Amino acid sequence: MTGRSQVGSVKDLEVIKSPSDNDTGIGRFHFSDRYSVFDWGEMPDHIQNKGAAISVLSAYFFERLEDMGIKTHYLGLVENGKRKRLSGLSAPSRIMEITLLRVLKPVEKDGIYDYGCYRDAAGNFLIPLEIIYRNSLPVGSSVFKRLEKGELTPGDLGLAEMPSPGERLREPAIDVSTKLEITDRYISWDEAGEMANLSEVEIEGIREITSKVNKLITDEFDRIGLVNEDGKIELGFSPERSLMVVDVLGTLDECRFTFEGIPVSKEIARIYYRGSSWHEEVERAKRTDRMRWKELVKAGPEPLPGRLRDLISKVYASCTNEITGRDWFPGVPDTREILAGIREFIG
């Protein structure tokens with residue numbers, strides 16, 4: 001198992017030491033310049049410096065969480081084969097070393113998932129959920145589709161009536177979805193607890209950590225004039241069954257930020273592709289077969305226009321520079337200046 005690699009749509013995992021039933025392993029994320037929208041997987045072009053920008057920015061937030069006493073799987077970034085903290089790096093690194101937990105896969109049959117593997121799992125595993133926090137409901141939020149379908153009520157969001165796009169929530173809403181199914185689906189907290197065998201105390205702990213992460217990211221981006229609209233985190237259990245933050249957090253891929261209504265995240269690419277013939281075909285396929293929709297899509301997406309791709313690259317780099325307070329990517333303009341150019345493409 002040692003040295004095994006797993007290729008993802010935007011980052012790859014190198015297994016240095018595999019986790020066992022009772023002991024954690026060691027792995028390395030190799031962040032790429034690939035990107036993905038609408039669950040498609042790797043898109044036809046790459047965004048320069050995206051992988052390094054995400055790696056450094058996520059490391060920054062992991063180190064901040066550790067300062068707050070919140071356990072994470074982050075061990076450091078790798079430079080010249082050595083693991084280092086951000087302060088010890090001479091240049092941005094796209095390789096992050098992490099503690100590896102077990103990934104227990106639910107068994108799927110005819111579109112139904114059996115999560116029985118979690119009933120006897122004491123600890124040392126990835127919790128099979130994505131936790132989503134929402135500070136507002138920007139245009140394009142999945143919340144509006146769910147409200148239309150009756151899968152969600154305004155009361156679930158702490159609202160008395162149906163919200164409008166762009167509405168700010170009085171208090172952040174914390175949502176939950178599946179993580180290890182072919183297509184993620186939103187579920188209730190009761191279902192989440194039953195699936196992952198979580199106690200009420202553990203669910204409350206998950207919600208508390210999510211709130212702290214949300215506040216940290218919100219405050220940091222507010223400092224550079226950006227609004228944290230929503231975002232996601234993932235968690236796992238240590239061998240002692242202590243909660244720990246895993247995967248990646250606080251980046252333009254995991255969160256949705258805006259500046260004066262302009263998206264500052266991979267939502268830029270989503271908006272560009274939304275309404276294209278490819279996107280319409282993807283949506284039809286998902287409605288037809290939630291499990292194997294991608295097989296029904298006959299043609300792939302076109303590449304982004306070169307200028308838009310360059311502007312998106314600069315946004316990733318500028319946000320990392322400004323949040324961390326270090327010029328990792330020299331010569332990149334201010335985020336606000338870059339967004340003026342992006343407005344030409346997305347209105």
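Analyst: What follows starts with the helix pair and then turns to the rings.

This is a predicted model, in which local features need pLDDT of at least 70, side-chain atom pairs count only at pLDDT 80 or more, and totals for chains, interfaces and linings use all residues. Residues are numbered from 1 along each chain as its sequence is written, and side-chain values use heavy atoms, with hydrogens and water left out.

Start with helix H1, residues 50-67, and helix H7, residues 306-324. Helices here are DSSP runs of H or I with at least four residues, numbered from the N terminus. The axes of H1 and H7 come within 9 Å. They cross at roughly 25 degrees. Each axis is a line fitted to C-alpha atoms over the stretch in contact, and angles run from 0 to 180 degrees between N-to-C directions. H1 and H7 are therefore roughly parallel to each other, a term for angles under 35 degrees. The crossing of H1 past H7 is left-handed: the near helix is turned anticlockwise from the far one by less than a right angle.

Now the residues that touch. H1 brings Lys50, Ala53, Ile54, Val56, Leu57, Tyr60 and Phe61. H7 meets them with Tyr316, Ala317, Thr320, Ile323 and Thr324. Contact means heavy atoms within 4.5 Å. By class, this contact has 9 nonpolar, 2 polar and 1 charged residues. Nonpolar covers Ala, Val, Leu, Ile, Met, Phe, Trp, Tyr, Cys and Pro; charged covers Asp, Glu, Lys and Arg; the others, Gly among them, are polar.

Next, the rings. The structure holds 13 aromatic pairs, meaning rings of Phe, Tyr and Trp (its six-membered ring) with centres within 6.5 Å. One of them joins Phe61 and Phe221, with centres 6.3 Å apart. Their planes lie at 15 degrees, so the pair is stacked (planes under 30 degrees apart). Phe61 sits in H1, while Phe221 belongs to helix H4, residues 200-222. Phe61 is buried, at 0% relative accessible area. Phe221 is buried too, at 0%. Buried means under 20%, exposed over 50%, and partly exposed in between, using a 1.4 Å probe and protein chains only.

Compare Tyr272 and Tyr273. Their ring centres are 5.4 Å apart and their planes at 80 degrees, so this pair is edge-to-face (planes over 60 degrees apart). Tyr272 is partly exposed at 32%, whereas Tyr273 is buried at 4%.

Key: Helices (H or I, at least four residues) and strands (E, at least two) are DSSP runs, numbered from the N terminus. Angles under 35 degrees count as roughly parallel, over 145 as roughly antiparallel, 65 to 115 as roughly perpendicular and the rest as oblique.
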